[in-house]
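Please take a look at the protein model below. Keep the sequence and the structure side by side as you read.

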Amino acid sequence: MAGGRIHVIGAGVAGLAAALRLAERGCNVTLHDSAGHAGGRCRSYFDVHLDRRIDNGNHLMLSGNWAIRDYLQTVGAADSLTGPEDASFPFRDLRTGETWTVTPDAGRVPWSILFGSGRVPGTRLSEYLRVRHLAAAGPDATVAECLAGPGALFEKFWEPLAVGVLNTSVDTASARLLWPVVKETFGRGRAACKPLMARAGLSESFVDPALTYLAGKGATVRFNNRLRALDLGDGQVRALDFAGATVVLEPGDQVVLAVPAWAAADLLPDLNGPEGSHAIVNAHFRLTGPVPPAPPMVGLVGGTAQWVFLRGDVASVTVSAADDLAAEANETIAQRLWSEVRAALGLADGPLPLWRIVKEKRATISQTPAQDRRRPQPRTVWRNLVLAGDWTATGLPATIEGSIRSGFRAADMVVTSVSSS
Ligand SMILES: Cc1cc2nc3c(=O)[nH]c(=O)nc-3n(C[C@H](O)[C@H](O)[C@H](O)COP(=O)(O)OP(=O)(O)OC[C@H]3O[C@@H](n4cnc5c(N)ncnc54)[C@H](O)[C@@H]3O)c2cc1C
């Protein structure tokens with residue numbers, strides 16, 4: 001397919017997904033990013049203090065995420081994710097030391113929950129049946145309105161899952177956004193809800209192989225190239241004003257804008273997209289002594305830490321919807337989270353090991369019903385401009401899966417308009 005040049009602005013996973021799908025179809029692609037690297041909010045880097053390569057934040061995926069599979073397959077990184085052998089989610093209550101594991105059934109019908117053997121300790125069947133409120137949730141319903149109630153299941157499973165997926169407190173998070181995740185993974189049985197993490201690092205899975213793939217397809221990649229403004233007129237984008245130079249668009253050229261919501265709001269002031277975001281705080285601890293025989297990922301309730309991940313000798317903690325925590329001093333956060341990591345991994349008392357706190361203050365948009373309604377469709381009023389990104393109207397939460405689907409969808413729209421012109 002020839003056509004004009006397609007400029008993809010933003011080399012996060014949404015922009016990378018759009019670029020690789022376009023390059024796969026034979027389009028002339030140029031990918032631009034304001035940073036000196038690709039990956040956006042999903043990347044790895046070498047941390048000199050820890051002397052280890054770490055991710056900007058732990059990213060949990062599920063085996064039912066078909067777009068992630070498709071993307072990794074395309075770039076030759078299909079085997080770069082790892083996870084527990086089983087689709088099992090181990091949990092620990094930091095207050096009581098109680099542990100339990102959520103293990104979905106093999107098939108679509110949750111027989112072990114119906115008959116009791118697979119239920120979380122202390123929970124009753126009626127608590128599981130509340131999931132039907134989630135399936136039928138109206139546009140204004142929150143997660144807590146659908147799933148909270150008497151019993152322990154909400155605190156022991158739904159709340160940690162929902163806060164992790166939606167990065168928004170359960171009292172305000174949109175139920176409509178949680179449901180597709182539950183339906184596409186837990187609703188399809190064990191094979192679709194195996195937890196997955198990047199084996200070596202997010203960049204090794206999502207970024208480096210994608211850039212290699214794009215280079216092989218002849219795509220151009222321009223880093224340190226911030227788009228300052230879009231010259232809009234005559235119903236189209238006429239030129240791209242980059243910090244270094246202006247690119248005048250030729251007939252047939254198109255633009256995929258795959259920047260975060262807050263950057264898109266600056267470039268397209270009339271967009272009226274989602275406003276507001278929430279922080280995610282990650283703490284990375286380099287363990288001293290033998291690494292404990294713990295699962296690669298444990299959910300935690302009753303404290304500040306929500307999930308702890310183990311990769312090699314680095315234990316990493318995630319706290320989502322963490323705006324208050326992000327306001328605290330790094331040292332205070334590290335002390336607090338380290339005591340919880342020790343409890344979770346059964347480590348002996350000892351001094352704080354080497355640590356790094358990473359605060360992503362605008363980790364994702366706020367995923368409330370009101371903000372979900374503001375997420376724009378990819379097609380814009382400008383005929384050569386489509387939008388992509390985790391914040392666009394994907395029907396999914398702001399996640400890697402949603403970002404990749406948005407990038408694929410934007411690319412498909414561009415390809416359709418090239419073929420029909
Ligand atoms: C700490 C953390 C933990 C997370 N955990 C999970 C998880 O467990 N599971 C999960 O699925 N998702 C998780 N997410 C969400 C996931 O990372 C994002 O949904 C996804 O990376 C967003 O990709 P994107 O391409 O839409 O946006 P971005 O990654 O933000 O990419 C946008 C790109 O645009 C560039 N850009 C911005 N402005 C301009 C401009 N003017 N000109 C040119 N370029 C520009 C930026 O540099 C960036 O590279 C997490 C996010 C964070 C921050």
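The model is predicted: local features need pLDDT of at least 70, side-chain atom pairs count only at pLDDT 80 or more, and totals for chains, interfaces and linings use all residues. Residues are numbered from 1 along each chain as its sequence is written, and side-chain values use heavy atoms, with hydrogens and water left out.

**The sheet**

Helices (H or I, at least four residues) and strands (E, at least two) are DSSP runs, numbered from the N terminus. Two strands pair if DSSP finds at least two bridges between them. Three strands build an open sheet here, in the order β5-β9-β6, with antiparallel pairing. Strands β5 (61–62) and β6 (81–82) stand at the edges with a single partner strand each, so one side of each has no neighbour in the sheet. Strand β9 covers residues 195–198, and two bridges join β6 to β9. Within β9, M197 is the bridge partner of T82. In general, strands of a sheet pair through backbone hydrogen bonds.

**The aromatic rings**

Rings of Phe, Tyr and Trp (its six-membered ring) pair if their centres lie within 6.5 Å; planes under 30 degrees apart count as stacked, over 60 as edge-to-face and the rest as tilted. The structure holds eight aromatic pairs. Two of the pairs involve F91, as the table shows.

| Pair | Centre to centre | Angle between planes | Type |
|---|---|---|---|
| F91 and W100 | 5.8 Å | 10° | stacked |
| F91 and F157 | 6.3 Å | 85° | edge-to-face |

The pair of F91 and F157 links distant parts of the chain. F91 is in strand β7 (residues 89–93), while F157 is in helix α7 (residues 153–166), 66 residues apart.

F91 and W100 are both buried. F91 has 2% relative accessibility, so F91 counts as buried. F157 is at 7%, so F157 counts as buried too. One aromatic cluster is formed by F89, F91, W100, F157, W158, F186 and W307.

Charges also meet rings. A charge sits over a ring if NZ of Lys or CZ of Arg is within 6 Å of the ring centre and within 35 degrees of the ring normal. K156 lies over the face of W100, 4.9 Å from the ring centre. The charged end of R21 sits over the ring of F408, at 4.0 Å from its centre.

**Two loop residues**

T142 is in the loop between α5 (131–135) and α6 (143–147). T142 is buried, with a relative accessible area of 8%. Contact means heavy atoms within 4.5 Å. Not counting residues up to four places away in sequence, T142 touches V170, D171, T172, A173 and A175.

P150 lies in the loop between α6 and α7. P150 has 62% relative accessibility, so P150 counts as exposed. Leaving aside neighbours within four places in sequence, P150 is in contact with E127 and R130. The C-alpha atoms of P150 and R124 are separated by 9.8 Å, though these residues are 26 residues apart along the chain.

**The ligand site**

Which residues come nearest to the ligand? A residue counts as near if one of its heavy atoms lies within 4 Å. There are 33 residues around the ligand, and D33, R41, H59, L60 and D390 come nearest. A polar side-chain atom of R41 lies 2.7 Å from an oxygen atom of the ligand. In the side chain of D33, an N or O atom is 2.6 Å from a ligand oxygen atom.

Note on methods: Buried < 20%, exposed > 50% of the residue type's maximum accessible area, 1.4 Å probe, protein only. Polar contact = N/O pair within 3.5 Å; in protein donor to acceptor, adjacent residues only side chain to side chain.
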